[in-house]
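Here is a short briefing on one protein chain. Keep the sequence and the 3D view side by side as you read.

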Amino acid sequence: MEWLDRRRLNMPIDRRDDAAMTAAGVANNHIYKAMWEQNESGMRFQLPRSVVIANPEIGEANQNKTN
């Protein structure tokens, strides 16, 4: 759910901050302690080709742009 909220609000995902999680009483158990900005490839969600082919309302223009 967080990923969807961050995409909607155009916010980066930050998994680096151990102090904030500790202050909230939660251990930082993320494997990758990194930060992803909205324009990075890790934030893209691309529909499978079969979905694009099966739905006439979706086309290549609806896909995320590549860098």
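Among contacts in the chain between residues at least 6 apart in sequence, what share joins residues at least 24 apart? The share is 27%. Keep in mind that this is a predicted model. The points below start with the whole chain and then turn to single residues.

**Overall layout**
- The chain has 67 residues.
- Its secondary structure consists of 3 helices and 2 strands.

**Surface and interior**
- Buried residues account for 10% of the chain. To count as buried, a residue must have under 20% relative accessible area.
- The chain exposes about 5500 Å². Carbon and sulfur atoms supply 55% of that area.

- How many salt bridges does a search of the whole structure find? The search finds 1.
- Its partners are the side chains of Arg-8 and Asp-5. The distance, N to O, is 3.4 Å.
- Is Arg-8 buried or exposed? Arg-8 is exposed, because its relative accessible area is 61% and the exposed class begins over 50%.
- Asp-5 has 34% relative accessibility, so Asp-5 counts as partly exposed.

- Where is Asn-10 found? Asn-10 lies in the loop between α1 (2-9) and β1 (13-14).
- The phi angle of Asn-10 is near 55°. This is a positive value in a residue other than glycine.
- Asn-10 has a relative accessible area of 57%, so Asn-10 is exposed.

- Tyr-32 has its place in the loop between α2 (18-23) and β2 (35-36).
- With a relative accessible area of 61%, Tyr-32 is exposed.
- What separation do the C-alpha atoms of Tyr-32 and Arg-15 have? They are separated by 7.2 Å. Along the chain, Tyr-32 and Arg-15 are 17 residues apart.

**To look for in the view**
- Then move to the loop between α1 and β1 to find Asn-10.
- Finish at Tyr-32, in the loop between α2 and β2.

Key:
Residues are numbered from 1 along each chain as its sequence is written. This is a predicted model: local features need pLDDT of at least 70, side-chain atom pairs count only at pLDDT 80 or more; totals for chains, interfaces and linings use all residues. Side-chain values use heavy atoms; hydrogens and water are left out. Helices (H or I, at least four residues) and strands (E, at least two) are DSSP runs, numbered from the N terminus. Buried means under 20% relative accessible area, exposed over 50%, partly exposed in between (1.4 Å probe, protein chains only). A salt bridge is a side-chain nitrogen of Lys or Arg within 4 Å of a carboxyl oxygen of Asp or Glu. Contact means heavy atoms within 4.5 Å. Accessible areas come from the Shrake-Rupley method with a 1.4 Å probe; for residues, only the protein chains shown count as cover.
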